[in-house]
Amino acid sequence: MAAANPAKTLQDELTCSICLEYFKDPVSLDCDHNFCRACITQCWEGLATNVSCPQCRVTFPQKNLRLNRQLRNVVEAARELRLSSGREPETEGLCEKHKEPLKLFCKEDEIPICLVCDRSKKHRDHTVIPAEEAAEEFKEKIQAHLKMLREEREKLLGLKVREEKRSLEYLKQAQTERQKIISEFQQLRQFLEEQERLLLAQLEKLDKEIVKIQNESVSEVSEEISRLGNLISEMEGKCQKPVTELLQDVRSTWSRSGKGKFQQPEEISPKLELRLSDLSQKTVALMETLRKFKDTLPSALETKRGESLGTFRQAHVTLDPDTAHPHLVLSEDRKSVKWGDTRQNLPNNAERFDCWACVLGCEGFTLGRHCWKVEVGDGAGWAVGVARESVGRKGWISHRPEVGIWTVELWEGQLRAFTSPVTPLPLSRAPSRIRVCLDCDRGQVTFIDAGAEAPIFTFPPGSIPGERIRPWLWVWLGSGLSLCP
């Protein structure tokens, strides 16, 4: 009688009964049973005589192992056949229980079955179709899913190409801006050097003229001092002489002494003083211009940076359900949140706000410039902003920068920025949509009326620390917020 499964029988004949794998270097015992050489050697380890066959238990007085070359060749052929087919030939297409071909497919259990299984109690009430038909349906589903995956891949490839192109454009603009800055500062340095040379040259010329006037004045004073000294000596000698000699040449002596009144030398010319004053004013004016330029340079560079590097990048923001307060109800797409009348039975995990009706965005930002829009509607109370990822979630928390939250809020009809103290925002009406612009590089967040494209409030540069920042929303009774696409 033929074997029910010849492939299974062949596999059993080629398998070692010790390791249950295909024979490796098969050897035969005197009882004609075959084993791997390594397996039987390990089995007889420590025994010198009276060894036994592990399969039939026959005892032999000594170890006698014969290499079975024919079995080794058959095993090698079977191993190559299995590798080339990629699966075990003995179980291909057969039911493990009934050993019948698997020609049917059970839709409920989603498994292939044979004709005997189809008639069994287990599958009697199930929907069963031919295996070929099920395979075709499965292929169609796979093809549809493959089409979706390929489309998604194409979208991502297109996005990658666009982002690379945009980055290249930004790099080109940055290089152009770099060249402009180098050129402008080079011209500025040349201008300053020329002004320095001009002012120093004028000062040097004034120095020489002042020194000349000073030397002339000193020379005149020195000559007059010498003349007066001689006259004083002469008059003192005259006084010591007798009366007759003293009265001689009185007129001449008196005439010489009358010239002793010294004429002050001419002071520095008013023209020189005017030139010195003009030079001083030029220096002061130049210093004032440089000081103003220094003060306005950072803001000017930031404006230029915004022009050259483009606008904020639109961020795809969704809400994190693990952080939402139990009274908050999120939409299925996690784009909207509203206040629910009933407190939900949610796990009090560490991430969840348990007192304030807050929720964080899933996305976090540490670098770059990002923006997103929020539809605020006409609710009684709400707040929109950003928060540090490490912001406290438990207990009553303040919506202020001191605790890691930067926000604008509508409360009792008044729009205000949560600074210290709170800053009222004198707007004629509350906006219906708010654009939140986060600049991680500058540590700044700006709120804009997305409808009127008018600024609402800006937390100054450096307000936000350099750590992961996430979108943050707060909702009060009867209110709801939605992230715009």
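These questions and answers walk through a predicted model. Local features need pLDDT of at least 70, side-chain atom pairs count only at pLDDT 80 or more, and totals for chains, interfaces and linings use all residues. Residues are numbered from 1 along each chain as its sequence is written, and side-chain values use heavy atoms, with hydrogens and water left out.

Me: How many helices and strands does the chain have?
Reply: Both are DSSP runs, numbered from the N terminus: helices are H or I with at least four residues, strands are E with at least two. The chain has 8 helices and 22 strands.

Me: What share of the chain's residues is buried?
Reply: Buried means under 20% relative accessible area, with a 1.4 Å probe and protein chains only. The chain has 485 residues, and the buried share is 28%.

Me: How many disulfides does a search of the whole structure find?
Reply: A disulfide here is a pair of cysteine sulfur atoms within 2.5 Å. The sulfur of Cys 36 has its closest cysteine sulfur in Cys 16, 3.9 Å away, so that pair is too far for a bond. Cys 371 is in no disulfide either, as the nearest sulfur, that of Cys 437, is 5.0 Å away. The search finds 0.

Me: Is Cys 371 buried or exposed?
Reply: Its relative accessibility is 6%. Cys 371 therefore counts as buried.

Me: Which strands stand at the edges of the open sheet?
Reply: The sheet has 6 strands in the order β12-β21-β14-β15-β16-β17, with antiparallel pairing. Two strands pair if DSSP finds at least two bridges between them. Each edge strand has a single partner, so one side of it is left without a neighbour in the sheet. The edge strands are β12 (358-360) and β17 (423-424).

Me: Which residue in β17 is the bridge partner of Ala 417?
Reply: Strand β16 covers residues 414-417. It runs antiparallel to β17, and 2 bridges join them. The partner of Ala 417 is Thr 423.

Me: Which residues touch the most other members of the largest nonpolar core?
Reply: A nonpolar core is a set of buried Ala, Val, Leu, Ile, Met, Phe, Trp, Tyr and Cys residues joined through side-chain atoms within 4.5 Å. The largest has 47 residues. A second, separate core of 17 residues includes Tyr 22 and Cys 36. In the largest core, the answer is Trp 372, Val 445, Trp 472 and Leu 481.

Key:
Buried < 20%, exposed > 50% of the residue type's maximum accessible area, 1.4 Å probe, protein only.
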